[in-house]
Amino acid sequence: MGALSLAGRPLQVLKRMKTVKFFAAAFAIAASMTAYAEHYKVIVPLNEDANGAQAILLNYDNGNAIDTVTVADQVAVFEGEIDEPLIARVNIDGGRGPVFILESGTISFNKNNDAFGTMYNDQIRAISEQLTQIANEFRAATTEEAQNAAYQKYNETIEKSMAENGDNIVGYFCFLNGDSSQMDAGELREVFGKYPAFARYARSQKLLANAEKREATQPGKKFVDFEVKYNGETKRLSDYVGKGKYVLVDFWASWCGPCIRQTEVLKQIYKKYGREILDVLGVAVWDEPDATLKAIKDHQLPWESILNAQTIPTDLYGITGIPCIILFGPDGTILSRDKQSEELIADVDRELAKTRIVPRTTNETEGAPFSR
């Protein structure tokens, strides 16, 4: 648990919310919104190294650029008018910056990149402070009973904040910071039924589409093929999957800390069974090829990789967070997905045990090189 922040997504402890069913009137909410055009000013403090960099103010919901400025005197300043409040992000030379509510007034940021100075941003900061306090209670708890109490209090605070702001941008901000990316399609429709204002946003519709794609690529379903063209070469998932071997496919990126940690787990599995039985394929998404190649070298990843896949596979498989690791059977059937660490190892062991495949012995694995 942690503070409310889209930039870090620490609110993954939020349980999947159970609400009423979705109804078609969700999309009529736009007609009830009161339009206005008011002035905003956004002041983003930066360090001296940022001087001369390009700062972009983005609509977080749809990714569209709102304004671009050059950083001067260690500050990026945006000014303009908006018709209604929206969630925004500032990127500096491609690096992700703070996420906040773009609304009328002057918006500033503290040392933690929390926005303040305007109505909705101050409201979100107050909610964040409550959640941080509860999260600290959870961490300090010495009994399971105390942890459960803190956990329940945390979830109740989020749900209360959503209920109190179900018709405005603060409620939607809380929704995105919760477990929305892990909800199934039915759960999302239920939320949109209870809070129809959320359903009109592009990111909400993308979440729903991704959930439907996840449902279509659950264990028991056949793999969905894709192709990636890079550096004059075309690679397809079907070049590796459905060829008579078990294959673990790791959708990852060089900048993703959890992704790098899971490569160590993949190495253990790869070494345990050997490439004759089980192969590993890395698919680099949301990453720059040069950064991917450097990470492969730095972390000594011995398996083949598909570079520069970007959003091609993540859109097809409904992947909203990485790493996403999928185990495919010899015929291309999906056997496991979205598992990590011990759960991933257990799934691999269980599936390969069905075919009476015995892992290599210690003597066979010690010092055995990884093959490409």
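**Cysteines and a threonine, step by step**

Q: Which backbone oxygen lies 2.9 Å from a polar atom of the side chain of Thr-217?
A: In this predicted model, that backbone oxygen belongs to Lys-213.

Q: What makes the pairing of Thr-217 and Arg-337 a polar contact?
A: The cut-off for a pair of N or O atoms is 3.5 Å. The side chains of Thr-217 and Arg-337 come to 2.7 Å, so the pair falls within that limit.

Q: Where does Thr-217 lie?
A: Look in the loop between α6 (202-216) and β9 (227-230).

Q: Why is Thr-217 called buried?
A: Buried means under 20% relative accessible area. Thr-217 has 1%, so the word applies. Leaving aside residues up to four places away in sequence, Thr-217 touches Val-224, Leu-316, Tyr-317, Ile-334 and Arg-337.

Q: How do you know that a disulfide joins Cys-256 to Cys-259?
A: Two cysteine sulfur atoms must be within 2.5 Å. Here the S to S distance is 2.4 Å, so the pair qualifies. The structure holds one disulfide.

Q: Why is the disulfide of Cys-256 and Cys-259 called right-handed?
A: The torsion about its S-S bond is about 80°, and that makes the disulfide right-handed.

Q: Are Cys-256 and Cys-259 buried or exposed?
A: With the limit at under 20%, Cys-256 is buried at 4%, and Cys-259 is buried at 0%.

Q: Why is the sulfur of Cys-324 too far for a bond?
A: The closest cysteine sulfur, in Cys-259, is 9.8 Å away, while a disulfide needs sulfurs within 2.5 Å. Cys-324 is buried too, with a relative accessible area of 1%.

Technical notes: Residues are numbered from 1 along each chain as its sequence is written. This is a predicted model: local features need pLDDT of at least 70, side-chain atom pairs count only at pLDDT 80 or more; totals for chains, interfaces and linings use all residues. Side-chain values use heavy atoms; hydrogens and water are left out. Buried means under 20% relative accessible area, exposed over 50%, partly exposed in between (1.4 Å probe, protein chains only). Helices (H or I, at least four residues) and strands (E, at least two) are DSSP runs, numbered from the N terminus. A polar contact is a pair of N or O atoms within 3.5 Å; within protein, one must be able to donate a hydrogen and the other to accept it, and residues adjacent in sequence count only if both atoms are side-chain atoms. Contact means heavy atoms within 4.5 Å.
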